[in-house]
Each structure stands twice: as structure tokens, then as C-alpha cells.
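Here is a short briefing on one protein chain. Look over the fold first, then read the notes by topic.

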Amino acid sequence: MGKFNKTGKRGMPELNTSSLPDLIFTMLFFFMIVTSMREVTLKVQFQVPQGTELEKLEKKSLVSFIYIGKPLPEFQKKMGAESRIQLNDKFAEVSEVQDYITQERLNMKEEDQPFMTVSLKVDKDTRMGIVTDVKQALRQAYALKINYSATQRQ
């Protein structure tokens with residue numbers, strides 16, 4: 001006779017999780033689209049140069065970057081204010097450039113090694129002596145394709 005239960009005991013309805021995988025997939029897709037992966041954290045100051053030529057790279061994974069510039073303010077106490085070389089995420093000397101290029105070449109597939117490109121990104125206030133030393137080390141490491149970009153003095 002009783003449609004209504006006077007004891008007040010109600011069961012908790014089950015949570016419907018059928019749309020949860022769709023929601024998770026949508027969030028995953030969103031984060032994959034908006035996230036960019038940064039390979040190197042710059043530790044030197046570098047002003048982007050004005051481009052005069054454009055060369056399209058077929059595979060960006062074949063490019064190794066060498067940054068040359070003054071250390072950022074948080075590194076100047078330790079490294080000084082003179083221009084420094086940055087290879088990947090660490091400061092280096094000219095003598096380490098050959099080993100760096102050799103290691104980068106070994107990390108590539110054998111068929112891609114002849115197409116390796118080294119890109120020098122140099123700040124406009126950097127003296128040419130250090131750039132010349134790096135280019136000489138690259139020649140000794142048989143880095144045959146070198147892109148050089150630097151800002152022009154005004």
C-alpha cells in the first residue's frame with residue numbers, strides 16, 4: 001500500500017560515466033594542439049636578426065643550433081658579461097664544439113648524417129673572433145653545411 005517510504009532511506013543513484021572517455025580524449029587532443037615543445041632553454045641574450053634570404057628546411061630535426069651571445073643577467077655573475085657559446089642547455093668553450101657536432105651526428109640516422117645542418121645564432125654585439133673560432137671548429141668537425149644568422153649593426 002505504500003508508495004512512499006517513511007523511513008527516508010534513499011539509495012545514491014549510480015554515476016553515469018559513459019561520456020567520460022569522450023571528455024578525456026577531447027582534453028588530451030586540446031593539450032596536444034596548444035602545447036609546443038621547447039628543446040633548448042636559452043641562457044644567452046639573442047636578438048632575432050632581420051632576414052634577407054629564406055631557405056626552407058626539409059627536416060628540422062637535422063638542424064643543430066649553436067647560440068652565441070652575452071649570458072642572461074642571472075648567469076652573468078657566474079659567467080661574466082662577455083659573449084659565451086651555448087650548446088643545447090649548457091655553456092661551452094670553442095674546444096667542445098667538435099665533440100658536440102660529433103655527438104649530434106651520431107644521434108642521427110646514418111642516411112640523414114650527410115644532410116646535417118649547423119645553424120649559428122649570433123647576437124649583434126658579439127665579436128667576430130669567437131664566431132671565427134667556432135666556424136674553424138666546425139670545419140675541423142667536417143660540418144659541411146653551416147647557416148649563419150646575426151643581427152646587423154645599425
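Where is the place of Glu93? Glu93 sits in the loop between strand E3 (90–92) and H3. Helices (H or I, at least four residues) and strands (E, at least two) are DSSP runs, numbered from the N terminus.

This is a predicted model, in which local features need pLDDT of at least 70 and side-chain atom pairs count only at pLDDT 80 or more, while totals for chains, interfaces and linings use all residues. Residues are numbered from 1 along each chain as its sequence is written, and side-chain values use heavy atoms, with hydrogens and water left out.

**Overall make-up**

- The protein chain has 4 helices and 5 strands.
- From the N terminus on, the order of elements is α-β-α-β-β-α-β-α-β.
- Of the 154 residues of the protein chain, 25% count as buried. Buried means under 20% relative accessible area, exposed over 50%, and partly exposed in between (1.4 Å probe, protein chains only).
- The protein chain exposes about 12,600 Å², and carbon and sulfur atoms supply 54% of that area. Accessible areas come from the Shrake-Rupley method with a 1.4 Å probe; for residues, only the protein chains shown count as cover.
- Among contacts in the protein chain with a separation of 6 or more, 70% join residues 24 or more positions apart. Contact means heavy atoms within 4.5 Å.

**Strand pairing**

- Strand E1 (residues 63–69) pairs with E4 in the parallel sense, over 6 bridges. Two strands pair if DSSP finds at least two bridges between them.
- Phe65 has Ser119 in E4 as its bridge partner.
- E1 also pairs with E2, in the antiparallel sense over 4 bridges. Here Tyr67 has Gln86 in E2 as its bridge partner.
- E2 and E3 run antiparallel, joined by 3 bridges.
- E2 and E3 form a hairpin with 2 residues between them. Asn88 in the turn has a positive phi of about 55 degrees.
- In strand E4 (residues 117–122), 5 of the 6 residues are buried, so the strand is largely enclosed by the rest of the structure.

**Helix H3**

- Helix H3 (residues 97–106) has the buried residues Val97, Tyr100, Ile101 and Glu104. Seen down the axis of H3, its buried residues fall within an arc of 95 degrees, so they line one face of the helix. The arc is that of the directions from the helix axis to the C-beta atoms.
- These buried residues pack against E1, strand E2 (84–87), E4 and helix H4 (128–140).
- Exposed Asp99 and Leu106 lie on the face of H3 turned away from its buried side.

- Glu93 is partly exposed, at 45% relative accessibility. Leaving aside its neighbours within four places in sequence, Glu93 is in contact with Arg84 and Ile85.
- Glu93 and Val134 are 41 residues apart in sequence and 9.1 Å apart in space, C-alpha to C-alpha.
- Val94 is found in this loop too. Its relative accessible area is 24%, so Val94 counts as partly exposed.
- Not counting residues up to four places away in sequence, Val94 touches Ile85, Asp133, Val134 and Ala137.
- Val94 and Ile130 are 36 residues apart in sequence, with 7.9 Å from C-alpha to C-alpha.
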